[in-house]
Each structure stands twice: as C-alpha cells, then as structure tokens.
Amino acid sequence: MRTSYKMASIKHKNTKRIEGLDKNVWVAFTSVAADPSIVNLGQGYPDIPPPSYVKEGLAQAAMVDRLNQYTRGFGHPTLVKALSKVYGKVYDRQLDPFKEILVTVGGYGSLFSTMQALVEEGDEVIIIEPFFDCYVPMVKMAGGKPVLIPLRLKSSSAASSVSSADWVLDQEELASKFNSKTKAIIINTPNNPIGKIFSRSELQAIADLCIKHDTLCISDEVYEWLVYKGHEHVKIATLPGMWDRTITIGSAGKTFSVTGWKLGWSIGPEHLIKHLQTVMQNSLYTCPTPLQEAVGQGLLRDFELMGKPDCYFTSLALELEGKRDRMAAMLRQTGMTPVVPEGGYFMIADVTALNQDLSHMGDDEPYDYKFVKWMIKEKKLASIPVTAFVGEDSVKQFEKYIRLCFIKQESTLDAAEAILKSWNKD
Amino acid sequence: MWRRAAVYGPWLSIRLVNAGFHEKQGNMSRKLHARRIEGIDKNIWVELTQLAADYKAVNLGQGFPDFSPPSFVQEAFCKALNEGFSMHQYTRAFGHPNLVKILAKFFSRIVGREIDPMEDILVSVGAYQALFCTFQALIDEGDEVIIVEPFFDYLFALSKQLKGCGPVLSSADWVLSPEELASKFSPRTKAIVINTPNNPLGKVYKRKELQMIAELCIKHDVICISDEVYEWLTYDGTKHVKIASLPGMWERTVTIGSAGKTFSATGWKVGWAMGSEHILKHLKTVHQNSVYHCATAAQEAVAVGFQREYDVFGTEESYFHQLPIHLHEKRLRLADCLKSVGLKPILPQGGYFMIADISNLNVDLTDPSTKDEPYDYRFVKWLIKEKGLATIPVSAFYSPEHRNEFQKYIRFCFVKEDSTLQAAEDILRQWSDGKLKKF
C-alpha cells in the first residue's frame with residue numbers, strides 16, 4: 001500500500017453539471033410497482049399487450065444476422081424511411097429521412113439530445129406546468145434556466161364536469177415570460193399529466209411569440225395518436241413560420257404500447273437536426289437494430305391503414321376512450337373530481353371534496369404527496385402526486401391533484417373500481 | 001496543449017468561440033447550437049461507413065461481426081419477446097434485475113469480491129453510453145484526463161466536449177514508459193483511461209503494466225476508467241487482467257463492458273459500467289437525466305446468455321472459450337495474407353482488430369478531394385474507391401498533435417465470415433499481382 005491512499009476521495013464527487021439532479025419522483029414511487037397487492041395506476045406504462053404484429057416483427061428481425069449488428073447511427077434506414085412516410089403524410093410535406101429525422105433512445109433520448117444540442121448557459125427555456133418531470137433537470141444539466149408558467153383552471157368551468165380543455169395559459173402571462181434570453185419553449189401536447197390538447201389557436205398564440213422573439217419550439221408529442229372524440233391533435237411545426245424553428249418528438253413506446261423498447265424520434269429542419277445528430281454520435285452513437293427494424297415494419301403496416309378503424313393509431317385511441325370514461329365515472333362516484341383528458345393516457349383528479357385529514361403525516365411535504373402515500377398504504381391503490389410536475393411556486397395550485405394512468409387491462413380497472421366503490425365504507 | 005482559458009461555463013470546445021457569431025438558419029437569425037458540440041460534428045465512422053456503402057466495399061472497417069450471435073442468445077431474445085407484457089414495458093432504470101444480478105454474480109467470481117447488483121452496476125445503451133455517463137459524471141472543466149494513444153476515437157471527442165482533456169501519451173514500441181507515464185500525472189489529473197484489450201492495436205496489458213498504472217492512480221488519487229469490451233478475446237494464451245481486481249483499485253475504477261462484443265450482437269446495444277457504489281451513483285444521475293431506461297427484452301436475453309456462460313465457464317462449451325479459438329485462426333489467416341502482399345501487420349494479442357504498416361506500398365494518391373488529409377486517410381479512401389476494400393486509418397486514433405507521426409497504419413477487423421475474409425484476400429492478391437505485372 002502506498003502512503004497517500006484515501007478511501008472516499010474528494011476527487012470522486014460528482015461534476016458540477018449534475019449537481020442536485022440525483023433525486024426524482026420515480027425513485028420514490030416505483031418500488032411500489034413490485035408489490036402485487038397494490039393496484040398500480042401510477043407510472044405510465046400499459047399492462048395491455050402490444051399488437052401481435054409488432055412483437056412478431058421483432059422476433060423475425062432477431063433471426064436475421066445483419067440485424068443483430070450496428071446499424072446507421074442516426075436511425076436504421078427501414079425505420080427512418082417509414083417515419084418519413086408516416087409523418088410526411090401527417091405534416092403534408094416531404095421529409096428527408098436522413099437529414100430531418102433522428103432516432104433516439106425513447107422520447108426521453110430525443111429531449112436529451114435536443115437540450116444538449118441547443119441549450120447552454122445563458123439560455124432561458126420556458127416550460128409549461130404541469131410538465132413531464134424530466135424537462136427541468138434536463139434544461140439545468142444543459143446549463144440553461146427553466147422559466148415556468150402554469151396552466152390555470154378557467155373559473156367559468158362547471159365544478160362537476162371539468163375537462164382538460166378548461167386548463168389554459170394566461171396570454172399576457174405567457175408573453176411576459178419571453179425575453180431576449182429565451183432560447184426555447186417546450187410544449188407537450190397531448191399533455192402529461194393533464195391530458196390537454198392545445199388547440200390550433202392556442203398553438204398559434206405560442207407560435208406568434210416564438211416568431212416575434214426568434215425562439216425555438218420543442219414540441220413533445222409522444223401521445224399524438226391518443227386523441228379522443230371531438231378533438232384534434234395539431235402539430236405546431238405545421239403552422240406558418242414554425243417548421244424552421246421546431247423540433248417535434250415522437251415515441252414508438254407510446255405509439256405501439258412498447259415502452260420497454262425505448263425508441264423515439266426527433267423530426268425537424270436539417271439545420272437543427274444536424275446538431276442533435278452530433279450529440280447522438282457523441283453520446284450513444286446508435287440505437288438497437290432489431291427493435292428499430294420491427295418499429296419500422298409496424299409503421300409501414302399502419303401507414304397503409306391510416307384513417308381506417310383498424311389502424312392501431314386509431315383503434316388504440318378508441319379502446320382507451322372507453323377506459324377513460326370508465327375511470328372518470330369511478331372517481332366521481334367516490335367524490336373526487338376528475339379532469340377528463342382530451343388526449344393521452346393520464347387523468348388527474350381533484351381530491352379536495354374528500355376532505356381527507358392528513359395532518360398526522362406532518363407538514364414537510366405537499367398535500368398530494370401525503371395523499372398518494374396514504375392511499376397506497378390505506379387503500380392499496382397507487383397514483384402519482386401532480387406537484388411532482390410543477391415548480392415550487394405552483395405547489396399550492398396543484399397539491400390537491402393526483403395523477404392516474406388508465407392504459408390498463410379491464411381486470412386492473414376492475415380492481416381499482418372495487419377499491420373506489422368501497423372507499424367510504426371504512 | 002489543447003487547454004484554453006475557461007470562459008463560458010462547464011462545457012467548452014477547444015477553439016475559442018467568437019462572441020458575435022450568428023448563423024442564418026432558415027428564418028432564425030440567432031446562434032442556435034450549444035458551444036459544447038462545436039468541433040465534434042465530424043465523425044470518421046459516419047463518413048467512412050457511408051463511403052463503404054456507396055462503393056459496396058468489402059468491409060473490414062467498422063468493428064462488428066458479420067456472423068450471427070450464438071444461437072442460445074438469439075433464442076433467449078425470441079423467448080423473452082413472448083413472455084408476459086412486462087418484457088415490452090419499462091424495466092428498472094439502472095438495469096433489468098435479472099441482468100444486474102447475473103452480471104454481479106459472474107464478475108464477483110472473476111474480480112474476487114462481492115459486487116452489489118443494485119449499487120455497483122449500471123446498464124447502459126452499449127459501452128459507448130457507459131463511457132458517456134462516466135465522463136459526464138466525473139470530468140469537470142479544468143480536469144485532466146490521461147488517455148493512452150492509440151485510443152478509441154470516441155474518448156477524444158468526449159474529452160474535447162468536456163474540455164477536460166489533458167496530456168496524452170504515445171508509445172512507439174507499444175509499451176508505456178514508466179517515467180513518461182509518471183510525468184503525465186499532475187494535481188489536476190482526474191482520471192486515466194485504459195483500454196485492454198486495446199482497439200486498434202490489440203495490445204493486452206500485462207499484470208505488471210497494470211500494477212504500474214495502479215500505483216500511480218493510488219499515489220495521485222486518480223480514477224481509472226477501464227474499457228474492457230474485448231475482455232473475452234485474447235489469443236495465444238494471453239490472459240486478460242482486470243485492473244479493478246488489483247489492491248486498492250476497486251474503490252477508484254470504473255470498468256466498462258459490452259454485451260455486443262461479448263455475444264457478437266453489437267446491434268443490441270447493451271453495455272454496463274461496474275464499480276464502487278460511491279462512484280457509480282454519479283453515473284446513475286447522468287443516466288436518469290439522459291436516457292433513463294434501456295430496452296428490456298435485450299437485457300433479458302443478455303441475462304440468459306450470462307447465466308448459461310456462468311454455468312459452463314471454463315469448459316469447452318463456453319462461448320467465451322470458443323469465440324477466441326474461432327477468431328484465432330482468422331487472425332492468423334489475415335496476417336499471412338497481408339504479409340504476402342507487402343503489408344506489415346502487427347499481430348494482436350487480443351480484440352477484433354489488426355493494424356498494418358502501409359509504408360511499403362507507394363501508392364500514387366492523386367484524389368484532389370483528399371489532398372489535405374493525413375496519408376492513411378487518403379489511402380483508406382483510395383482503397384475503398386479503387387479496390388472496393390474498406391478499412392480504417394489509424395491516425396484517427398491519435399490526438400491531433402501526434403497524428404503526423406502515425407500516418408502509415410490502417411486497421412482491419414478480422415471478426416468476419418470466412419467468405420468476407422476470402423473476398424478481401426482476393427482483392428489484395430489481385431492488386432498485388434497487378435503491381436507485379438507492371439514491372
């Protein structure tokens with residue numbers, strides 16, 4: 001042993017760029033998923049199987065030698081070509097599969113590549129609350145400053161029947177958040193957790209500000225196919241002046257109910273995508289080949305069926321609409337006030353009317369964190385506290401809400417219903 | 001060497017950025033990209049893979065097998081797909097439980113200590129992402145990182161991104177000079193990166209060499225990042241030694257491994273970082289803020305593969321035993337072929353690659369598009385375009401400062417089907433015969 005040997009050296013501490021980014025809400029709540037006695041409507045993944053042709057596509061791909069080796073770094077040709085076909089139709093424009101598309105490790109990987117490529121110290125990034133929780137740490141890790149603005153419940157909405165459409169941005173407040181340091185605004189539509197689908201006019205208002213202040217728009221549209229009757233998903237990148245300044249993010253996991261495949265994509269103009277590609281080639285280089293082949297084949301199959309009821313993009317939304325309505329009814333019956341989502345697979349519910357006294361749980365956490373923990377323990381039902389998705393200043397506004405995921409089998413929903421029905425009987 | 005004054009924050013590029021720089025991009029007039037990605041947009045793999053594809057070249061360039069993974073691992077993958085819904089949904093973010101448990105069991109036996117599957121292992125999207133997490137987690141602006149040349153070029157890009165790159169070494173006789181190495185350590189040295197078996201050289205560090213590096217790491221309190229993706233591929237009885245198993249090293253080493261190289265399935269992109277919890281936890285923070293999860297089914301299949309190898313370890317049946325034997329012959333065959341056409345190969349002790357000295361060849365490289373590039377780059381491009389054979393220029397594995405001294409080697413990957421090696425041989429012989437006929 002040499003003389004200056006030290007065990008836990010000061011040199012072994014974390015770098016500045018990840019300071020304070022180690023904690024997150026999932027760490028606190030995912031261990032719950034392992035307990036089979038708990039009905040888990042918390043973390044957002046389906047417990048329904050993916051479509052069989054997608055699974056079969058993967059099995060077939062794995063048997064081809066070449067498809068078990070490295071493929072093109074920015075995206076496997078079969079996949080990027082399929083994406084350019086599907087989205088070319090949706091955007092109504094020619095998409096260059098090699099220059100305007102990047103395949104990443106999930107929508108998460110696209111968000112990361114975008115932040116690392118385009119955000120740095122001195123940049124401000126506007127984030128709308130409630131937001132998918134990774135947006136803030138990713139902006140911080142890139143050296144940027146998150147600037148938050150909450151969605152607010154319109155006072156005109158009826159107490160008994162609230163829709164995600166009733167949650168809106170205050171236009172003056174939004175305009176006040178933009179300044180010369182604003183590099184980008186992140187929007188998520190359909191939104192997680194509220195399920196709001198930004199209307200064309202709402203997107204236009206955001207677009208006008210982006211153009212006026214010359215900012216980028218990062219549009220997280222992973223739930224783009226999960227749109228319920230009477231609503232339309234609009235891509236902000238299709239509004240005038242927006243293609244050149246927008247990165248749109250999509251997800252195979254959410255599209256085909258295969259969150260464990262971790263494949264996503266960024267679509268945008270070459271002059272932006274090329275920077276994301278640089279990050280990709282310097283972080284993980286390429287995504288798994290057989291998975292990309294299978295997603296590509298799945299997309300080609302559904303491309304042919306687009307607009308028809310047996311296209312998975314349509315049939316999944318139809319299936320989920322029933323579950324959505326069922327869940328909303330269950331929650332109302334218990335006395336909670338659900339916010340019926342226009343899209344996505346989450347629903348938030350206001351638990352105020354239950355008047356649940358949680359003072360015995362101390363006061364170092366927001367109400368929803370305490371409620372969620374209490375509900376797991378006392379009712380064996382798991383959900384996620386909505387203040388996990390907001391900044392400190394908005395906690396009071398959101399602490400009476402919990403988030404539930406309804407992309408679950410009927411048997412899971414049956415079990416949830418049984419718990420909710422017997423709620424007041426204890 | 002390539003340190004510049006810190007100006008703009010934790011991420012810097014090597015060249016100073018002009019403050020008033022604006023790009024006109026579409027209808028956006030502001031500067032768009034972050035400084036951290038400047039200077040790392042060019043990438044030799046992207047360029048040469050495209051060229052090889054364009055010219056339909058016989059590809060001994062990029063390092064991947066053109067034969068299939070072993071059937072037991074392919075079958076495991078297909079089986080995983082048909083198991084319950086959970087195989088297609090998110091698994092544990094830091095590594096699928098079945099995989100981290102078997103990795104811990106397997107490597108505990110080799111390293112000689114109890115490795116905690118939940119605390120001491122992080123599963124990543126290939127070893128590439130493990131390297132990324134390691135650098136992001138541990139290297140700050142101003143830190144020096146010692147990298148031994150020739151090195152896997154990604155390490156250079158990583159250091160460049162982080163502006164942590166310190167002095168590097170070169171070694172003409174493919175050994176490290178203890179004095180030269182010792183002189184590179186300073187109070188700012190945060191880490192040293194070693195790669196054994198080495199890409200592109202194929203060198204396998206001896207225990208004594210690793211001991212020397214270990215002593216310096218301990219003396220200067222430096223972290224060792226040990227890229228061991230080719231750990232099972234050693235030839236001629238050479239033994240791979242894990243620096244983490246040397247006294248005083250577990251606490252300061254991050255060891256990187258790869259399922260892609262282990263099971264000849266590079267396209268699965270499953271890798272890992274292994275080390276003491278107090279260091280690994282920082283890698284986990286980067287991981288949870290960048291990709292968060294890795295694909296579930298691929299991890300399950302790799303777990304099954306490792307369980308099988310655990311059970312047959314050291315026996316003839318083991319894939320880790322059979323693959324190097326299989327490759328041993330291909331390696332010799334390629335070396336003989338290269339010698340016979342006037343190239344001077346350096347026979348590797350381990351890994352996927354062989355480098356060869358091309359200085360005897362005297363080829364007339366008149367392609368104007370490659371005029372300003374190093375000789376080996378020009379030669380490689382000429383070889384792709386004129387002869388339909390793809391290789392990699394070795395100067396890509398050196399720092400800019402030393403590139404000029406190492407322009408006469410090209411790298412071949414011999415982990416290929418016999419038919420591919422045959423095709424390459426035919427090209428080389430034809431070329432060699434053609435040259436002889438001229439005289």
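The largest cavity in this structure has a volume of about 400 Å³. The structure is a predicted model. Searching all of it turns up 12 cavities of 30 Å³ or more.

**The largest cavity**

Which residues sit closest to the centre of the largest cavity? They are A:Y70, B:Y128, B:F152, B:Y230 and B:K261, out of 24 lining residues. Two elements of chain B, α4 and α8 (259–262), each give two or more residues to this lining. Helix α4(B) provides the largest share, four residues. The make-up of the lining by class is as follows.

| Class in the lining of the largest cavity | Residues |
|---|---|
| Nonpolar | 11 residues |
| Polar | nine residues |

**The nonpolar cores**

In soluble globular proteins, nonpolar side chains tend to be buried together. Here, the largest nonpolar core has 241 residues. Which of its members touch the most others? A:F371, B:L283, B:F306 and B:F379 do. Chain B's helix α4, residues 126–138, is the top contributor to this core, with nine residues. That helix also gives the largest share of the cavity lining.

A:F371 deserves a look of its own. What does A:F371 contact, once neighbours within four places in sequence are set aside? The partners are A:V351, A:L354, A:Q356, A:L358, A:I402 and A:W423.

**Where the chains meet**

Chain B brings 88 residues to the contact, and chain A brings 85 residues. Together the two chains bury about 7,700 Å² between them. Of that area, 52% lies on carbon and sulfur atoms. On the chain B side, B:R30, B:Y90 and B:N289 lose the most area to chain A. Those three residues together make up 9% of what the chain B side buries.

**A loop glycine in chain A**

Now to A:G307. This residue lies in the loop that runs between α10 (289–304) and α11 (312–334) of chain A. Is A:G307 buried or exposed? A:G307 has a relative accessible area of 75%. The cut-off for exposed is over 50%, so A:G307 counts as exposed. From A:G307 to A:L320 is 13 residues in sequence. In space, their C-alpha atoms are 17 Å apart.

Conventions. Residues numbered from 1 in each chain as written. Chains lettered and ligands numbered in written order. Predicted model: local features only at pLDDT ≥ 70, side-chain atom pairs only at ≥ 80, totals over all residues. Heavy atoms only, no water. Core = buried A, V, L, I, M, F, W, Y, C linked by side-chain atoms within 4.5 Å. Buried < 20%, exposed > 50% of the residue type's maximum accessible area, 1.4 Å probe, protein only. Contact = heavy atoms within 4.5 Å. 1 Å grid on protein atoms, 1.4 Å probe; cavity = no way out; pocket = protein on both sides within 12 Å on 5 of 7 lines; lining within 4 Å. Points joined across faces, edges and corners; volume = space filled by probe spheres on them. Nonpolar A, V, L, I, M, F, W, Y, C, P; charged D, E, K, R; others polar. Buried area = accessible area lost by both parts, 1.4 Å probe.
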